[in-house]
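Here is a short report on a protein and its ligand. Look at the sequence and the model, then read on.

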Amino acid sequence: TRQCNLTGWWKNDLGSKMYVSEVDSQGNFSGEYHTAVSSAQKPIEPSPLVGSQHLDEDGQCTFGFTVNWKFSDSTAVFVGQCFAEKGEEEILQTSWLLREKVDSQPNNWKATRSGQNIFTRMG
Ligand SMILES: O=C(CCCC[C@@H]1SC[C@@H]2NC(=O)N[C@@H]21)Nc1ccc([N+](=O)[O-])cc1
C-alpha cells in the first residue's frame, strides 16, 4: 500500500467537492468544502474545513475534519480512512455527523443527522 496523502481535490457521491491543502508534519490540514446539497434556507457557499490525519507508515491513514458552514448555523464532522491500493484510484471512506443549531434543549433530540460519503480524487 502506498502512503495516502489527502492533499488535492476530492469529489463525493453527492457531487460535493473539497480541497485539502498541504498536510503538515503533525498531520494537520485545512481546506474548503463545496457541498452540492443543503437543507439550509440560504444559498450554498464554500466553507472552511480543518482536520488531521495519521501519517502511518503503512499508508492506510485515518483522518477527521470539521466543516464550519458559512451559510447555515450548523457544523459537520467527518471521520474516515483513505484506501490507496497500488494501481487503483484512491478513495476516502467517510462517516459524518451534521449538527444544526436548535432553539431549545427539548429540540436537541432532532439536531444531529448522520451518514456516509465516499470521495474519489478529481481530475
Ligand atoms: O445543510 C446544512 C449545511 C450543508 C450540509 C451538507 C452535508 S454535510 C454531510 C453531507 N455530505 C455532503 O457532501 N453534504 C452533506 N446544514 C443544515 C441545515 C439545516 C438543518 N436542519 O435540520 O434544518 C440541518 C443541517
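Which strands each supply at least two residues of the shell around the ligand? They are β6, β7 and β8. Strands here are DSSP runs of E, at least two residues long, numbered from the N terminus. The largest share of this shell, 3 residues, comes from β7.

This is a predicted model, where local features need pLDDT of at least 70, side-chain atom pairs count only at pLDDT 80 or more, and totals for chains, interfaces and linings use all residues. Residues are numbered from 1 along each chain as its sequence is written, and side-chain values use heavy atoms, with hydrogens and water left out.

**The ligand and its shell**

Around the ligand are 19 residues, each with a heavy atom within 4 Å of the ligand. Ser16, Tyr33, Ser74, Arg113 and Asn117 come nearest. The shell divides into 9 nonpolar, 8 polar and 2 charged residues. Gly counts as polar and Tyr as nonpolar.

On its own, the ligand has 570 Å² of accessible area, and the protein covers 90% of that. Such areas come from the Shrake-Rupley method with a 1.4 Å probe.

**The pocket**

Where does the ligand sit? The space it takes is the largest pocket; the test is that more than half of the ligand's atoms lie within 2 Å of the pocket's grid points. A pocket is an open set of points on a 1 Å grid over the protein atoms alone, with protein on both sides within 12 Å along at least five of seven lines.

The volume of the largest pocket is about 580 Å³, taken as the space filled by probe spheres set on the points. Its lining has 27 residues, each with an atom within 4 Å of a point. Closest to the centre are Ser38, Ser39, Ser74, Leu98 and Arg113. The lining divides into 11 nonpolar, 9 polar and 7 charged residues. β7 (91-100) gives the most to this lining, with 4 residues. β6 (74-83) and β8 (112-121) each supply at least two.

Note on methods: On a 1 Å grid over the protein atoms alone, a cavity is a set of points where a 1.4 Å probe fits but cannot get out, and a pocket is an open set with protein on both sides within 12 Å along at least five of seven lines; lining residues have an atom within 4 Å of a point.
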